[in-house]
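Subject: Structure handover

Hello,

Here is the structure for your files. My notes on it follow below.

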Amino acid sequence: MSEILVDKKNYPPGDFAIWIIVYVELLTFGLLFVGYAYSRRVNLQMFNDSQLLLNQTIGFINALILITSSYLIVRGVETIKTMQVRHSYEASIRASKWLLSAMMLGGIFLILKLSEFSNLFAQGITLSTNTFFMFYLLLTMFHFMHVTLGVIILYNLYHKTKNQGYIPTDCRGLETGAIYWHLVDLLWIVLFPLIYIMR
Amino acid sequence: MKLHVEDVFAVLVVLSFSAFLVGYLELFSGFFAIFLVISTFLKGQLISDYFMDLREVDYKYRLIPTLWLVVVLSLIGVAYMLPISA
């Protein structure tokens, strides 16, 4: 019995499959990040001029949104993992509120990103405008799709948590969804300074 | 050193704000490029250790995101620091 417990502790939280997804996503985005950095060296001036058209403030607000939502999810998972059986209803409701707040922040991220995209499209900027915008749109739209999926996952986690679907000994689904959201956060943590700030 | 998740959240906000300030104040030099790379590494490591909760699991699982951060950010740092020939 003790051997099983030790083994379990050594494994990362959530389903093992989510970690395969995490590593594949990190590899894919990593290649794009490095590709961006080296393509910039070929036409430095064009990259610097194009970067000026981006809104750094929105990029920063989006970074804050994702960090905050990740924190809220950690609190939600923590609430479920530490709840006592006799207070399971109250704890589930409290955890579902953390998750709902995180989901709403994810929604705000999507709205801000859509406004940024529509502003650029209104200026006639597309994937084929230049190499900078090819990378910018590819990376941010790919990330946008991940956030959209993340919000859908959070909605499902919220419902199941609210209906007392998780208990401390059986919350692997919740942990798996949380890991996915932290991945989305981790990717933006690199994307924001690379695309919006570094020159 | 074990941090509380609130401390981690505060550090992430401060580092993100400092990255924003570098861009806002247009502090573009080799020093600030290195600062951005290192602060991004710290943020990524904090998310991996405390939000993804990898700090107490088997080392091989913890090492993968760390290696990813080191390799990707080092290559980015080199791309920004190497002189560009005319």
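Helix H5(A) has these buried residues: A:Ala91, A:Ser92, A:Ala95, A:Ser96, A:Trp98, A:Leu99, A:Ala102, A:Met103, A:Leu105, A:Gly106 and A:Phe109. Buried means that 20 or more other C-beta atoms lie within 10 Å of the residue's own, exposed means 12 or fewer, and partly exposed is in between, with C-beta atoms placed from the backbone. Helices (H or I, at least four residues) and strands (E, at least two) are DSSP runs, numbered from the N terminus.

This is a predicted model, in which local features need pLDDT of at least 70 and side-chain atom pairs count only at pLDDT 80 or more, while totals for chains, interfaces and linings use all residues. Residues are numbered from 1 along each chain as its sequence is written, and chains are lettered from A and ligands numbered from 1 in the order in which they are written.

The buried residues of H5(A) pack against H4 and H6 of chain A. H5(A) is 35 residues long and covers 51 Å from its first C-alpha to its last, close to the 51 Å expected at 1.5 Å a residue; the expected span is 1.5 Å times one less than the number of residues. After H5(A) comes A:Gly124, which has a positive phi near 85°.

A:Leu112 is also in H5 (residues 88-122) of chain A. A:Leu112 has 16 C-beta neighbours inside 10 Å and so counts as partly exposed. Outside the four places on either side in sequence, A:Leu112 is in contact with A:Ile58, A:Ile61 and A:Asn62, where contact means that the C-beta atoms of two residues, placed from the backbone, lie within 7 Å. Between A:Leu112 and A:Ser39 there are 27 Å in space, C-alpha to C-alpha, at a separation of 73 residues in sequence.

The chains

Chain A has 7 helices and 0 strands, and its C-alpha atoms fill a box of roughly 60 × 35 × 20 Å along the principal axes. Of its 199 residues, 40% are buried. Contacts between residues at least 24 apart make up 85% of the chain A contacts with a separation of at least 6.

Chain B has 3 helices and 0 strands, and its C-alpha trace spans about 50 × 25 × 15 Å along its principal axes. Of its 86 residues, 38% count as buried. Here 61% of the contacts with a separation of 6 or more join residues 24 or more positions apart.

The core

The largest nonpolar core has 83 residues, and A:Ile73, A:Leu99 and B:Ile76 touch the most other members. A nonpolar core is a set of buried Ala, Val, Leu, Ile, Met, Phe, Trp, Tyr and Cys residues joined through C-beta atoms within 7 Å. Two or more residues each come from H2, H4, H5, H6 and H7 of chain A and from H1, H2 and H3 of chain B. H7(A) gives the largest share of this core, 18 residues. Not counting residues up to four places away in sequence, A:Ile73 touches A:Trp98, A:Leu99, A:Ala102, A:Ala178 and A:Trp181.

Between the chains

The contact takes 34 residues from chain A and 34 residues from chain B. On the chain A side, helix H2 (16-42), helix H4 (56-81) and helix H7 (172-197) each supply at least two residues. H7(A) gives the most to this side, with 10 residues. The side of chain A that touches chain B has 25 nonpolar, 5 polar and 4 charged residues. In these classes Ala, Val, Leu, Ile, Met, Phe, Trp, Tyr, Cys and Pro count as nonpolar, Asp, Glu, Lys and Arg as charged, and the others, Gly among them, as polar.

A helix pair in chain B

The axes of H2 (residues 30-51) and H3 (residues 59-81) of chain B come within 10 Å and cross at roughly 170°. Axes are lines fitted to C-alpha atoms, for helices over the stretch in contact, with angles from 0 to 180 degrees between N-to-C directions. H2(B) and H3(B) are therefore roughly antiparallel; angles over 145 degrees count as roughly antiparallel, under 35 as roughly parallel, 65 to 115 as roughly perpendicular and the rest as oblique. The residues of this contact divide into 10 nonpolar, 7 polar and no charged.

Positive phi

Most residues other than glycine have a negative phi. A:Gln164 is not a glycine but has a positive phi of about 55°. A:Gln164 is in the loop between helix H6 (131-162) and H7 of chain A, and is partly exposed, with 16 other C-beta atoms within 10 Å. B:Glu26, also not a glycine, has a positive phi of about 55°. B:Glu26 lies in the loop between helix H1 (5-24) and H2 of chain B, and counts as exposed with 8 C-beta neighbours inside 10 Å.

Regards
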